2 protein chains.
Amino acid sequence: MADALRVALAGLGTVGGGVIRLLDANRDLITRRAGRPIEVVAISARDRTRDRGIDLSRFAWVDDTSALAAQDDVDVVAEMIGGSDGPALTLARATLAAGRGFVTANKAMLAHHGLELAELAERGNAPLKFEAAVAGGIPVIKGLREGAAANAIGRVYGILNGTCNFILSKMEAEGRDFAEVLAEAQALGYAEADPTFDIDGIDAAHKLSILASIAFGTRPAFAAVQAQGIRHVLGADIAEAAALGHRVRLVGLAEAGPHGLFQRVHPHLVPFDHPLAHVTGSTNAVVAEGDHVGRLFFQGAGAGEGPTASAVVADLIDIARGVAGPPFAMPAALLAAPTAADSGERRGRAYLRFTVEDRVGVLAEIAAAMRDAGVSIESLIQRGVTVEGHVLVAIVTHEGPERCVAQALERLRGSQSLAGQPLWMPILG
Amino acid sequence: MADALRVALAGLGTVGGGVIRLLDANRDLITRRAGRPIEVVAISARDRTRDRGIDLSRFAWVDDTSALAAQDDVDVVAEMIGGSDGPALTLARATLAAGRGFVTANKAMLAHHGLELAELAERGNAPLKFEAAVAGGIPVIKGLREGAAANAIGRVYGILNGTCNFILSKMEAEGRDFAEVLAEAQALGYAEADPTFDIDGIDAAHKLSILASIAFGTRPAFAAVQAQGIRHVLGADIAEAAALGHRVRLVGLAEAGPHGLFQRVHPHLVPFDHPLAHVTGSTNAVVAEGDHVGRLFFQGAGAGEGPTASAVVADLIDIARGVAGPPFAMPAALLAAPTAADSGERRGRAYLRFTVEDRVGVLAEIAAAMRDAGVSIESLIQRGVTVEGHVLVAIVTHEGPERCVAQALERLRGSQSLAGQPLWMPILG
């Protein structure tokens, strides 16, 4: 039996605790699969005294987290602190610079500093792995980086935030509105007290920028992701989408085209016959479209102690087995700086919802704005549904450039007929 | 740039030709991802003169396929000949014994000789990879062997044969019967002239035995797979299943339990809300249930030139990157010889369909046989549907041991009331 792989854990929250519990539960199995034991030798977290329900006395406690990088008896540091900068980044830099392996679930850090960390990993000949950073327990990083490696990828997209999908599914199943369901999700622990990162699409955007980098051979470009979350989706939008044969899902989508890299997180209408339409609750799912393999679909738990720990330990097993390979699927020096594609040129169908005053001439004004901007209307529905005294008008456009829809909305800006911001959602094609 | 990975291709049918075309199409991309070029240096096939639409003059042609194993300028042999024994097996043994890598899409060979080949690979310190052998382009071998490696797997199951799923989907969509749709599938090239391996579940059983080995750390045990195909499924069964909220799918399922390893390929009723129910056409899909990760779901193209070539080249890229690891997820010496679990003890709900004479007392006879065997009936439907002058009776049982259902069917054997063999299908729980 080869020597154990010696691991230091930084951060002992849900994920860190889960890693210890998983390694305890499946110790023998993991040793057989990894070809050697995987042993936690040191731990570090903010609060030494908190009861985590695990016997931590068998591990060396290190007060200064960043010191884990320099411990001679450590082969790999697994970081589960979180945060794009601060202690997690300090630890990542120091660990990789010291030539030690680094495993992380930290999507924000990779989205912002992925290129730098990949360069450090290569320079130090140290593995850098982050399966847990995207879509929790689903091996989608591995699926893209290795499983689909023979393919030029056209698009990669998916449901990357379990909180949003939980909320949208619940709004759909129970016909309720966003604010109410969010409050319930917070009470149940499915949403954070400050849910901004989740519901405004930031978390999904972090993950999307990592997937895009691997899929397209570009540097992670979080700043270029257009992100809009689900705050403005009404129960009535979900009902209207259903009547049109669609479900509303927060989809992160990246596409490489002749005009550059397009990355967007936005609520979409997804047709019933698309696999993403059947992803409910806090489940995540990712689709990758390859030029030879066609459409690959991965689905599973996107968060939670067990699934996230499963992904972290899978990375540790890879390292124990001696599995190498560049973090973003090709050497950092070959990753291109992406040009952000202009979304105005994108063609597609779209859903538009207006909240309007209930009076003569409103529909004519909307229809005229569409016509003048060159937007062709496939269907327009006003069902007499009222929200706070206003009427909802839903429009589905024919396929056309997004630029035209944006122009139509611009023409309507400030109109006395509109009682609030219109909601635009692309229809997944 | 490191030296090229030098590959010999054995077999130039659809898959072999596809590998050459893929390597040509994505040469630069693959070189960047693999860290070195992947070059075909030699080829061998039965017929040198056949026009394959590819310029083969740039490769060294080798008449004796088995000689590829001994060529000093070859690092890896990719075998796409097929067949569990014969030239493919000779080549595999010789290649691995010579310490060269071996990549194959040959599920039959792995199902029958997987243990021996894994042992040879370990002895020769040579990579043995077979992503293309199961579920075509879907990276499910990698997903199980690496992505889910931290988990004890409870069950692994899925739709493993595209031909059967194509036929069942078409029967479902068009309300037609098996023989008619099979003939059409053969005319379209979706089914072989001799479709036995596909429609009788043998091909799915080969694949299931490979998945089970990886999931449960057991030796591939093809002989222990209970296999029944889709020949006996009527259009009326599919309609009845739909009325009950289910679709009929040929599911290969392996489960590790206290009584041993259970492996079966059989048509199942799959509830509408299960992801497998939405897998249509020749698509494949695999579910793995891990103790920490929960339910992982992989879906994609299960066959065809592009997807299969994608999987073969993914294996070559892994080898070029220096990715190691045991073929069946743990060293061959640690793979346990599985005990086959007795299916009689399995508990579940089931669908039973009887084709009966249209006369007094038939239902009473069936109901009595069920009662006497201890089978509890959840619903019994006789809709007046006649097939060739006979009447169909469909029963759904409450959950209970399969043994009891088998006893009930045994009691009815030879009954003058039955116009043919009853069809039993488990309901996926």
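Buried means under 20% relative accessible area, exposed means over 50%, and partly exposed covers what lies in between. With its 42% relative accessibility, Asp372(A) therefore counts as partly exposed. Welcome to this structure, which is a predicted model. Chain A and chain B bury about 4,000 Å² between them, and 64 salt bridges are found over all chains.

- The size of an interface is often given as the accessible area lost when the parts come together.
- Here that area is about 4,000 Å², and carbon and sulfur atoms give 58% of it.
- On the side of chain A, the residues that lose the most area to chain B are Arg33(A), His292(A) and Arg321(A), together 18% of what that side buries.
- Chain A brings 50 residues to the contact, and chain B brings 50 residues.
- Polar contacts between chain A and chain B come to 20 residue pairs.
- Several elements of chain A each supply at least two residues of the side that touches chain B, among them the helices α1 (14-25), α2 (27-34) and α5 (140-147), as well as the strand β12 (294-301).

**Salt bridges across the interface**

- Between chain A and chain B there are 2 salt bridges.
- Lys142(A) pairs with Glu146(B) in a salt bridge, where the closest N and O atoms are 2.7 Å apart.
- Lys142(A) and Glu146(B) also belong to a network of salt bridges, whose other members include Lys129(A), Arg145(A), Asp318(A), Lys129(B), Arg145(B) and Asp318(B).

**Salt bridges within chain A**

- Arg21(A) and Glu305(A) join their side chains in a salt bridge, at 2.8 Å from N to O.
- This pair links distant parts of the chain, with Arg21(A) in helix α1 and Glu305(A) in helix α11, 284 residues apart.
- Arg21(A) is partly exposed because its relative accessibility is 32%, and Glu305(A) is partly exposed because its relative accessible area is 28%.
- Another salt bridge joins Glu174(A) to Arg176(A), with the closest N and O atoms 2.4 Å apart.
- Glu174(A) has a relative accessible area of 39%, so this residue is partly exposed, while Arg176(A) has 17% relative accessibility and so counts as buried.
- Asp372(A), the residue from the opening, forms a salt bridge with Arg371(A), and their closest N and O atoms are 3.0 Å apart.
- Arg371(A) is exposed because its relative accessible area is 59%.

**A buried lysine**

- Lys207(A) sits in helix α9 of chain A.
- Its relative accessibility is 5%, so Lys207(A) counts as buried.
- Leaving aside residues up to four places away in sequence, Lys207(A) touches Lys107(A), Ala133(A), Val134(A), Ala135(A), Leu160(A), Asn161(A) and Asn284(A).

**A nonpolar patch on the surface**

- Leu363(A), Ile377(A) and Leu380(A) make up a nonpolar surface patch, and together they have about 190 Å² of accessible area.
- Ile377(A) is part of strand β15 of chain A, which covers residues 377-381.
- With 30% relative accessibility, Ile377(A) counts as partly exposed, because that value falls between the 20% and 50% limits.

How values were computed:
Residues numbered from 1 in each chain as written. Chains lettered and ligands numbered in written order. Predicted model: local features only at pLDDT ≥ 70, side-chain atom pairs only at ≥ 80, totals over all residues. Heavy atoms only, no water. Patch = residues over 30% accessible without salt bridge, like charges linked within 9 Å, V, L, I, M, F, W, Y side chains within 5 Å. Areas by Shrake-Rupley, 256 points an atom, 1.4 Å probe, with all protein chains shown as cover. Salt bridge = Lys/Arg side-chain N within 4 Å of Asp/Glu carboxyl O. Helix = DSSP H or I, 4+ residues; strand = E, 2+ residues; numbered from the N terminus. Buried < 20%, exposed > 50% of the residue type's maximum accessible area, 1.4 Å probe, protein only. Contact = heavy atoms within 4.5 Å. Buried area = accessible area lost by both parts, 1.4 Å probe. Polar contact = N/O pair within 3.5 Å; in protein donor to acceptor, adjacent residues only side chain to side chain.
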